[in-house]
Amino acid sequence: MSRYASVKAAFRKQVLSLYFEHKLKPSEKSVLMALATFLGADGLYPSHDAIARACRYSVRTVIRALERGYELGLIERTYRRKRVEGRWVRTSNTYKLLIKAADQVRAAGKHMARAIFRGVRVLSDRMAQKASIDIHIQEKRLLSGRRYPEPHGPSQLSPSEWVEIIKSWETT
């Protein structure tokens with residue numbers, strides 16, 4: 001079995017277990033399974049349209065399913081750009097299938113932090129540094145217990161409560 005085949009198999013196994021635990025909808029399961037089919041030696045960078053055609057869902061459904069995958073830490077996205085006629089143009093994202101628990105917790109924490117920071121007008125370097133320390137502490141707590149992290153971690157704070165906590169950092 002090749003390296004890529006073993007990664008695909010492990011990823012699909014995780015997706016199925018989450019689906020059977022009722023943490024994923026059928027559409028989310030289908031989209032994540034279809035995403036794994038695009039993995040090859042040269043990487044994983046299908047467009048949203050290509051994934052939608054592969055699993056026969058709308059592009060918007062694909063985006064929502066990928067968003068859920070980011071929340072659970074199953075996949076990690078990297079934006080890609082290329083230079084066309086002297087200017088930078090966005091192209092399809094590069095994805096990474098995460099199968100190790102530590103990588104999944106780290107990715108889920110990064111996604112949560114980005115979602116929280118969207119509610120903050122100005123993000124200083126000090127605030128970002130403090131958030132990354134807090135995420136690292138949360139990561140250690142999550143690794144000691146559950147296999148799959150929930151999108152908002154064990155504290156279950158709402159995004160508005162997180163925004164208030166982050167805004168309080170500005171004064172300290």
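**Reading a pocket, rings and loops**

Trainee: How do the residues of the lining of the largest pocket divide into nonpolar, polar and charged?

Mentor: Ala, Val, Leu, Ile, Met, Phe, Trp, Tyr, Cys and Pro count as nonpolar, Asp, Glu, Lys and Arg as charged, and the others, Gly among them, as polar. Here the lining has nine nonpolar, two polar and four charged residues. Before we go on: this is a predicted model, where local features need pLDDT of at least 70 and side-chain atom pairs pLDDT 80 or more, while totals for chains, interfaces and linings use all residues. Numbering runs from 1 along each chain as its sequence is written, and side-chain values use heavy atoms, leaving out hydrogens and water.

Trainee: What is a pocket, then, and how much space lies in the largest one?

Mentor: Picture a 1 Å grid over the protein atoms alone: a pocket is an open set of points where a 1.4 Å probe fits, with protein on both sides within 12 Å along at least five of seven lines, and lining residues have an atom within 4 Å of a point. Points are joined across faces, edges and corners, and the volume is the space filled by probe spheres set on them. The largest pocket holds about 280 Å³. It is lined by 15 residues, and R3, V7, L39, K96 and L97 are the closest to its centre. Helix α1 (3-20) and strand β2 (87-97) each give two or more residues to that lining; such elements are DSSP runs numbered from the N terminus, helices being H or I of at least four residues and strands E of at least two.

Trainee: Which charges sit over a ring?

Mentor: For that, NZ of Lys or CZ of Arg must be within 6 Å of the ring centre and within 35 degrees of the ring normal. K29 lies over the face of Y19, at 5.2 Å from the ring centre.

Trainee: Where do I find a positive phi in a residue other than glycine?

Mentor: H22 has one of about 65°, and R56 has one near 60°. H22 is in the loop between α1 and α2, and R56 is in the loop between α3 (48-55) and α4. H22 is exposed at 73%, and R56 is exposed at 78%.

Terms used:
Buried means under 20% relative accessible area, exposed over 50%, partly exposed in between (1.4 Å probe, protein chains only).
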